[in-house]
Amino acid sequence: MPSPTAPLPVTVLTGFLGAGKTTLLRRVVRELPDARIGLLINEMGPAGIDPTMANERLIELGQGCVCCVQNVDLVAALHELSARGDLHRIVVETTGLADPMPLTWTLERPDLSHLVRLDGVITVVDAANFGLTDVEEWRAQVSSADLIVLSKLDLVPP
């Protein structure tokens with residue numbers, strides 16, 4: 001666990017619509033229940049949070065993208081989660097159309113350096129449908145990745 005004065009590591013979880021971001025995040029939370037992960041979920045539409053993931057460690061940032069429209073809300077949520085003092089890390093799940101680069105720039109702002117530090121960008125790529133998602137947003141997500149996780153491998157031939 002980070003020391004009380006150390007900034008919390010923040011992992012950005014991104015990927016195109018339907019790639020499996022929430023499935024991966026749900027699995028991490030389920031398999032590491034003692035990890036004390038703060039979750040910031042960016043939902044664009046009215047669907048909202050999966051009720052099985054909703055808990056006291058989760059903040060939903062809806063009705064806009066955290067990389068631009070909801071940036072002020074993102075900063076406030078980072079302050080809120082950091083102030084708790086009991087979290088090991090924060091995971092920010094972006095919308096399926098988000099460009100993670102502006103988000104990473106926010107996380108690296110000097111005025112937030114005492115609260116958080118960017119730990120990395122994980123991009124989930126849908127192996128079964130990646131040919132249909134080769135658009136500008138997808139390319140931005142993949143090029144921003146420190147780690148690419150291939151999902152739906154069970155749906156494609158070896």
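**Exercise 1.** In this predicted model, state which residues I90 touches, not counting residues up to four places away in sequence.

*Solution.* The contacts of I90 are L8, P9, V10, T11, G38, L40, L78, L81 and V116, once residues up to four places away in sequence are set aside.

**Exercise 2.** Describe the largest nonpolar core and name the elements that give two or more residues to this core.

*Solution.* Step 1: the largest nonpolar core has 18 residues, and the members that touch the most other members are L40, L78, I90, L107 and V116. Step 2: two or more residues come from each of β1 (8–15), α2 (71–84), β4 (89–93), α3 (100–107) and β5. Step 3: the element that gives the most is α2, with 5 residues. Step 4: a second, separate core has 10 residues, among them A19, V29, L39 and I41. In soluble globular proteins, nonpolar side chains tend to be buried together.

**Exercise 3.** Decide whether T123 is buried or exposed, and list its contacts.

*Solution.* Step 1: T123 lies in strand β5, residues 116–126. Step 2: buried means under 20% relative accessible area. Step 3: T123 has 1% relative accessibility and therefore counts as buried. Step 4: apart from residues up to four places away in sequence, T123 touches T14, G15, Q141, V142, A145, L147, I148 and V149.

Definitions and conventions:
Residues are numbered from 1 along each chain as its sequence is written. This is a predicted model: local features need pLDDT of at least 70, side-chain atom pairs count only at pLDDT 80 or more; totals for chains, interfaces and linings use all residues. Side-chain values use heavy atoms; hydrogens and water are left out. Helices (H or I, at least four residues) and strands (E, at least two) are DSSP runs, numbered from the N terminus. Buried means under 20% relative accessible area, exposed over 50%, partly exposed in between (1.4 Å probe, protein chains only). Contact means heavy atoms within 4.5 Å. A nonpolar core is a set of buried Ala, Val, Leu, Ile, Met, Phe, Trp, Tyr and Cys residues joined through side-chain atoms within 4.5 Å.
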